[in-house]
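Let's take a walk through this structure together, one region at a time. Keep the 3D view open as you read.

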Amino acid sequence: MAGMSFLAAVVRSQNFVTLKIVTQELPKLASCYQTVRWRKSRWHPVTASKKFYVPKPKVFHPEDTAEVKKRLPIYNTHLRAVRNFITKTHQADLARRALLRAQQTDEEEEFVWIMEENNKWNAKVAAIRESRQKEEQEKIKARLVRQVERRIQWKQKQEAKAHQLILANIEESKYFITEDNLDQEIEKLLNSRKDYNFAIDSSGKAVTDFDNATPPLKDSTPKGETDSQS
């Protein structure tokens, strides 16, 4: 019985030895009895040297017989106690192993349930995450579209301003002094006269005729009221 641990109790009798083998692997907490004979089988013939041999009866000493009869019940009682102890210990060990296997089974079932719940939760979280990422991508896409539209509008405004500036410069270029109209402009400046001897009245008009200039109006507010207002 390689690989199988067992406990054995030996019961001696006249003709055979009985081995009580209590295994830890048998179901239903059962015990296994195996008888081992240390002589020839019953169907084998008698040995030639003992064919006509008549054994002499054994002589037992009366004191030894009395001592054996006295100690045999004690021995049997001790043997039964040991056998019962081993059986109960083995049964308790098998019950403990069964409980451990049941607990292990419960733990495995609980682990499977936890894994299923974890997978469900992961799938739910993944769906929520994908939805959130999709919304964020849509928002980012909309924001980029708005930025592109604002950029295009800004470029269009800049192009419009540049176009207007170019048209204004083209319009002003008509009055630029070039080689073609240089003599004409010089002649115009020489023929035109400018009097820089002028003044500016309170209304912002330039006054060049000082003899006929209109005098400014005097303030009719009394001096005392002006001081009190100040």
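R97 is partly exposed, because its relative accessible area is 35%. In this predicted model, the side chain of R97 meets that of D93 in a salt bridge, with 2.9 Å from N to O. D93 has a relative accessible area of 17%, so D93 counts as buried. R97 and D93 sit four residues apart in helix α1, so about one helical turn separates them. An α-helix has 3.6 residues a turn, so residues three or four places apart point the same way. R96 joins in too: D93, R96 and R97 are linked in a network of salt bridges.

Now look at helix α1 as a whole, residues 62-172. Its 111 residues should span 165 Å at 1.5 Å a residue, and its end C-alpha atoms are 158 Å apart, which agrees. The helix bends by about 25° at R71, with a proline, P73, following within four residues. R71 also forms a salt bridge with E67, at 2.5 Å from N to O. R71 is exposed because its relative accessibility is 55%, whereas E67, at 32%, is partly exposed. Among the buried residues of α1 are L79, I86 and A126.

Next, move on to helix α2, residues 182-191. Here the side chains of K188 and E185 meet in a salt bridge of 3.8 Å, N to O.

Finally, find S203 in the loop between β4 and β5. Its side chain makes a polar contact of 3.1 Å with the side chain of D201.

Notes
Residues are numbered from 1 along each chain as its sequence is written. This is a predicted model: local features need pLDDT of at least 70, side-chain atom pairs count only at pLDDT 80 or more; totals for chains, interfaces and linings use all residues. Side-chain values use heavy atoms; hydrogens and water are left out. Helices (H or I, at least four residues) and strands (E, at least two) are DSSP runs, numbered from the N terminus. A polar contact is a pair of N or O atoms within 3.5 Å; within protein, one must be able to donate a hydrogen and the other to accept it, and residues adjacent in sequence count only if both atoms are side-chain atoms. The expected span of a helix is 1.5 Å times one less than its number of residues. The bend at a residue is the angle between axes fitted to the seven residues ending there and the seven starting there. Buried means under 20% relative accessible area, exposed over 50%, partly exposed in between (1.4 Å probe, protein chains only). A salt bridge is a side-chain nitrogen of Lys or Arg within 4 Å of a carboxyl oxygen of Asp or Glu.
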